[in-house]
Amino acid sequence: MSWGAELWDQFENLEKHTQWGIDILERYVKFVKERTEIELSYAKQLRNLSKKYQPKKNSKEEEEYKYTACRAFVSTLSEMNDYAGQHEVISENLTAQITADLARYVQELKQERKANFHEGRKAQQHIETCWKQLEASKRRFERDCKEADRAQQYFEKMDADINVTKADVEKARQQAQIRHQMAEDSKADYSSVLQKFNREQHDYYHTHIPSIFQKIQEMEERRIVRIGESMKTYAEVDRQVIPIIGKCLDGIVKAAEAIDQKTDSQLVIEAYKSGFEPPGDLEFEDYTQPMKRTVSDNSLSNSRGDGKPELKFGGKSKGKLWPFIKKNKGATPEDFSNLPPEQRRKKLQQKVDELNKDMQKEMDQRDAITKMKDVYLKNPQMGDPASLDHKLTEVSQNIEKLRLEAQKFEAWLAEVEGRLPARRQSGLYDGGQHPPAINNCAQDRESSPDGSYTEEQSQESGVKVLATDFDDEFDDEEPLPAIGTCKALYTFEGQNEGTISVAEGETLYVIEEDKGDGWTRIRRSEDEEGYVPTSYVEVHLDKKAKGAKTYI
């Protein structure tokens, strides 16, 4: 099955066929190239899609991704990013193993085809030249034969004519002989050229053309094999990334299986739990006895006509007081006092952790600078130790600043973590003891819509208390004696009930020291006392009075 033997006369058709084969190969290269562009575009779109839905850093959206379902979604986005990377790998491998390789091969194929057909045309031109030489020799032989025949006929005519002189007859005879000789020479030349042409023709059809066509056939078969191998590579490139793509999909499934509805429900509780206790039953208010009205310690009513819920408690209250917090419509307070206790505790704890982390970074930097300074001291040629003093001082100042800031937030955190005065009273007086009289009990009184109080105010000791049916439980007691003094280290705004505001540097009397809950009871004057965070004051106890202090 040789093209040289079977297609010896199809030179032009083979030329067209091989050109078609190269066109097919170039078309396949173009197809693969466009596939690589599609893969790159798809990978880019997947990456952009994954990036678009990633939670933004330092935003509320990032906080929402603490839920297991949202974390699974983030994992899905991450896996899709890796999935996109595999499509980029497909594009790269197709380009390197097929597109670039076949592009070079096409150029080599074109050069080889051109050389083979150039050789074929050259052989074709040679045989055509030999054919023309044969035709010319044949025509010359034919012409000389005809001339010799005419010369012989003319001689015979002249020889038969009695009127022609002998000289003319001789001349005709000689001319006929010359023509016959020329015919013989042409015959010999024609025979020689014919033999040469036959040899050339035999070589052309049995040697040159089969050899050239064999090269063209081998070239075409290599092209066919090459395109088949490229198609296998095309499939193998996709097959190679299937395991990794499978892992990406397995990662998505694993993330989905990690979703826990119970965990998410618990996170909702932690996110929105206020820390307040639900209100208890309301007690009957007897308006037939206006001077003996009592308000339940767990009831809510509008105080001062501002429409805000506040806690009402009578003298018999021994339960846990609600820590009501003022709402600020403007900027968020530094101590997050606008939040419910549980949310405030979380924010304060987060802030403390951030400050401790920043402080640790500064301390690490200080240690590094100290070590560098020691190196400079031991090896002066490496640097000037004095050049690090300014930086060391700056870092130390930053550490001190962060430390003070952390102490401030830790004090606020202590205030929230079960160390509020109201909570302290609840735990201290459940054993049947009476709670101390608090100066700002007036805000617990029920007010009329116009803001005026409906009950008389007691003027004794400047303390405003409710006139209730349970006044017999409040025996007149002497104020607690001072057991020492304290100096305010920081300014404290006593916004919660039972606390007292102090200014930085102010000196006050200590009437009850810290019981381990982080609060100290102090007095400014006979009728103004309350609790402040222990970390906000510097306490100096009177050793003589310490043993004489009493508890209510």
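A charge is said to sit over an aromatic ring if NZ of Lys or CZ of Arg is within 6 Å of the ring centre and within 35 degrees of the ring normal.

**View 1. Arg 226 and the ring of Tyr 105.** In this predicted model, the charged end of Arg 226 is placed over the ring of Tyr 105, at 4.4 Å from the centre of that ring.

**View 2. The chain as a whole.** The chain is built with 10 helices and seven strands, and buried residues make up 34% of its 552 residues. Among the contacts in the chain with a separation of 6 or more, 69% are between residues 24 or more positions apart. The accessible surface of the chain is about 34300 Å², and carbon and sulfur atoms account for 52% of that surface.

**View 3. Tyr 28 and Phe 31, an aromatic pair in helix H2.** A search of the whole structure finds 13 aromatic pairs. In the pair of Tyr 28 and Phe 31, the ring centres are 5.9 Å apart and the planes stand at 40°, so the pair is tilted; planes under 30 degrees apart would count as stacked and those over 60 as edge-to-face. Both residues belong to helix H2 (residues 11–52), where they are three residues apart, about one turn of the helix. Tyr 28 is buried, with a relative accessible area of 10%, whereas Phe 31, with 42%, is partly exposed.

**View 4. Tyr 204 and Tyr 205, an edge-to-face pair.** The rings of Tyr 204 and Tyr 205 are 4.7 Å from centre to centre, with 85° between their planes. Tyr 204 has a relative accessibility of 5% and therefore counts as buried, while Tyr 205, with a relative accessibility of 30%, counts as partly exposed.

**View 5. An aromatic cluster of Tyr 490, Phe 492, Trp 519 and Tyr 536.** These residues, Tyr 490, Phe 492, Trp 519 and Tyr 536, form one aromatic cluster.

**View 6. Strand S3 and the strands that pair with it, S4 and S7.** Strand S4 (residues 507–512) runs antiparallel to S3 and is joined to it by four bridges, and within S4 the bridge partner of Thr 485 is Tyr 509. Strand S7 (residues 537–541) also pairs with S3 in the antiparallel sense, over five bridges, and here Lys 487 stands opposite Glu 538.

Methods
Residues numbered from 1 in each chain as written. Predicted model: local features only at pLDDT ≥ 70, side-chain atom pairs only at ≥ 80, totals over all residues. Heavy atoms only, no water. Helix = DSSP H or I, 4+ residues; strand = E, 2+ residues; numbered from the N terminus. Buried < 20%, exposed > 50% of the residue type's maximum accessible area, 1.4 Å probe, protein only. Contact = heavy atoms within 4.5 Å. Areas by Shrake-Rupley, 256 points an atom, 1.4 Å probe, with all protein chains shown as cover. Phe/Tyr/Trp six-rings, centres within 6.5 Å; stacked < 30°, edge-to-face > 60°. Pairing = 2+ DSSP bridges.
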